[in-house]
Amino acid sequence: MGLTEWLRSAATRRPHVLLVPVPGGTQVRLAAQRLIVERGWVEATSPAGADVVLVCGTPDVRLGRAVDMVWEQLPGPRARISSDSDATVADALDDGVRQLDDLDAQRRDAGRRVSPSPLADDEPGDLPMADRAEDRDGLKLDQLHIQLGPVLPDWPAGLVMRVALQGDVIQHSAAEVWGGHSVHDPFWDAGHLQQLRGEPVTPAELRRRLAAAHLDSAARMLALAGWDDAATAANRVRDLVLGSGTTAEATDRLTRLHRRVRRSRLLRWSTSGLGVLDRKAALARGITGPALRAGGDGYARLCQWLTEAQLALRESPVGTDGPRGRLDGTTPPSQPLLDVLPGLTTGLDLATARLVIASLDPDPDELLLGAAVGQP
Amino acid sequence: MTEATPWVAAPVAALLLAGLAVTAAALDAVLVARSAGSAGLVAYRAPLQETARLLLQRRRTTLAPDALLWRFGGAALVTVALLMLAVVPLGRWVVVDLPVGVVWFNAMDVLLWAAVWLAGWGANSVYGLVGGYRYLAQALSYELPLMFALVAPATAAASLRVGDIVAAQSGLWYAVWMPVSFVVYLGSVLGFAMVGPFGYPAARDIADGVLAEPSGVDRLLLLAGRHALMVAGAAFAVPLFLGGGAGPLLPSWLWSLVKTLLVLGVLVGLRRRLPTVRADRFAELGWLVALPLALAQVLVVSLVVLVRG
């Protein structure tokens, strides 16, 4: 066996998969994350470190163009796979490995790609000069307009925030959601919506999905806070809860995770005071759900998620609220969460802004697919 | 007592660095796999599989990067780790026994400021640039406490030569009566290796920061450089705080190795268990807590030296 083949056989044992979550494809994303962990693969955090792009769901035109741009940024050897239902994810991942192993196809792909010609110093492509604007101290500083998302690790699916940065401080931002196609209810709210419509739903199913939703949000925030162990543990409990695991094991692990998070003074020190939304301000904005009940900063919302997940698993009665808030209004509960983001993130640097966004965690599924019974 | 070594010492040191770096990466992969619940022990192959993958991956470039400085910054991490290791004795042997070994180590870790910033800025990418500046912001806070943590053993041994510091620990190891310096030193190793609680420059929230744009061999050099820096830092802790190769039964070079592995195990174990500290929060801790404590430790050491004669 040649050296390349030998290296390739070692390399494809552990591919790095860049997940592109699409609104409407939450189930696919969850299945993909679970399978990646089971197989010992790695979830990539940037196109440069990825071999495989997995599109979780069916993107629309704008999101599809974003995926194409990300695809272009992958160095070779690369594979592009997509899946629109959780049953086909395993086959898609196997197909991805097959594409990576196909050396002839990879060579053809490499030959087709054009490397850019070296640029002269005074014509950097189509990039305009950086404009200048006032910063918070009244100085005129360079301003950079970038777009956070839609493909970013630990980021709500399809969320796009256009921000104007000075240094790494956000001067102003605007949020929107790019969509996908799906015929189902939003995954996290499906049980509650069925209950509101009068269809029969088992309470155990409702409780499990509510706990899993909170754990999913908590895992994202813990990953952004840099605590890999806790994020992995939260994802593990989420998969146990959603799968066929016993409630006893899930409750046990969740209790331990909750205790670790509460005891961690480093986490509290790192995330306290970010994105403060006391109860009055939250009520005024129309926010319901855990963000209202927590009534404080990002750390308080994180602890609220873990507490409510524990309560949900402990067989306490579940109300009609979805994981983000009330589902019987005229707007989805994630809409006020999305609307409050630009105001809360202005003046924060990138790290704290991402923590604030993760602590509110609007669900793009709800925003695009309409998670309010009052909506047509 | 350190011996002058033939020219073969340098490649042997490089091989040792590579071997220990792979060991550290393998331990990290096993710990990650265990916490994720997937097959734990099999993950020890992860560093070799990752190396194979990155060797086969193509290099990529961005729009209008400063290619020379970008690649240079990335490659400098491994080089600096090797230079750091040049003054660390393995038992009785050392590559270069500089009379100012402690200062050499400090100078090398200051070179990292330039290396990591270039690796971030050279890519002409937002996330890379933010990562580079995050490293500078973080390094500003740990550098002075690190310097004073290195001064304490040198004061106690009345010499900047690493061999003399090892010899002066024949009574009590410095880690026992200079605990503040030891802890500050270990924290600084995590800091200049950009891992664990001080992984801010390569954090997930900016798509791996300094690691956002490079791929292929450049990425391999950066990732290997981080592990190599952890190894070099752990190795330097042994002669400085843990008595070098001193110990019963085993030969001194084996004791050095065992102690290095122990310190490395502690560093790797701490890596994933603590959340990342942001540089603006860390500035308070570094300047208002770590620096005065490190200074107080140096004062205590100086008084002890005076009293002893």
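I began with one pair, in which Asp51(A) and Arg53(B) join their side chains in a salt bridge at 2.9 Å, N to O. I count a salt bridge when a side-chain nitrogen of Lys or Arg is within 4 Å of a carboxyl oxygen of Asp or Glu. The model is predicted, so I note that local features need pLDDT of at least 70 and side-chain atom pairs pLDDT 80 or more, whereas totals for chains, interfaces and linings use all residues. Residues are numbered from 1 along each chain as its sequence is written, chains are lettered from A and ligands numbered from 1 in the order in which they are written, and side-chain values use heavy atoms, without hydrogens and water.

**Entry 1. The interface of chains A and B**

I counted four salt bridges between chain B and chain A. For polar contacts across this interface, I found 21 residue pairs, both residues being at pLDDT 80 or more. A polar contact is a pair of N or O atoms within 3.5 Å; within protein, one must be able to donate a hydrogen and the other to accept it, and residues adjacent in sequence count only if both atoms are side-chain atoms.

I then asked which elements of chain B give two or more residues to the side that touches chain A. They are helix H1 (9-36), helix H2 (46-56), H5 and helix H11 (279-308) of chain B. Helices (H or I, at least four residues) and strands (E, at least two) are DSSP runs, numbered from the N terminus. H2(B) supplies the largest share, six residues. By class, this side of chain B holds 20 nonpolar, eight polar and 17 charged residues. Here Ala, Val, Leu, Ile, Met, Phe, Trp, Tyr, Cys and Pro count as nonpolar, Asp, Glu, Lys and Arg as charged, and the others, Gly among them, as polar.

With contact meaning heavy atoms within 4.5 Å, 45 residues of chain B are in contact with 57 residues of chain A. The two chains bury about 4500 Å² between them, 56% of it on carbon and sulfur atoms. In chain B, Arg53(B), Leu56(B) and Arg204(B) lose the most area to chain A, together 17% of what that side buries. Buried area is the accessible area (1.4 Å probe) that two parts lose on being put together, summed over both.

The cut-offs are under 20% relative accessible area for buried, over 50% for exposed, and partly exposed in between (1.4 Å probe, protein chains only). Its side chain makes a polar contact of 2.9 Å with that of Asp216(A). Leaving out residues up to four places away in sequence, Arg29(A) touches Pro21(A), Cys56(A), Asp216(A), Arg220(A) and Arg238(A). I also traced a network of salt bridges that links Arg29(A), Asp216(A), Arg220(A), Arg238(A), Asp239(A), Arg324(A) and Asp361(A).

The expected span is 1.5 Å times one less than the number of residues. Gly40(A) follows H2(A) and has a positive phi, near 75°.

I compared helix H7 (residues 203-224) of chain A, whose 22 residues reach 32 Å, close to the 32 Å expected. H7(A) is mostly covered, with 18 of its 22 residues buried. Just after H7(A), Gly226(A) has a positive phi of about 90°.

**Entry 2. A salt bridge within chain B**

I found 38 salt bridges over all chains. One of them joins the side chains of Asp28(B) and Arg272(B) at 2.7 Å, N to O. Asp28(B) lies in helix H1 of chain B and Arg272(B) in the loop between helix H10 (252-271) and H11, so the pair ties together parts that are 244 residues apart in sequence. Asp28(B) counts as buried, at 6% relative accessibility.

**Entry 3. Backbone exceptions**

Most residues other than glycine have a negative phi, and most peptide bonds are trans. I noted a cis peptide bond between Gly76(A) and Pro77(A), omega about -15°, and another between Gly149(A) and Pro150(A), omega about 0°. Pro77(A) lies in the loop between helix H3 (61-73) and strand S4 (79-83) of chain A.

Ala158(B) has a positive phi of about 55° and is exposed at 70% relative accessibility. Ala207(B) has a positive phi of about 50° but is buried at 5%.
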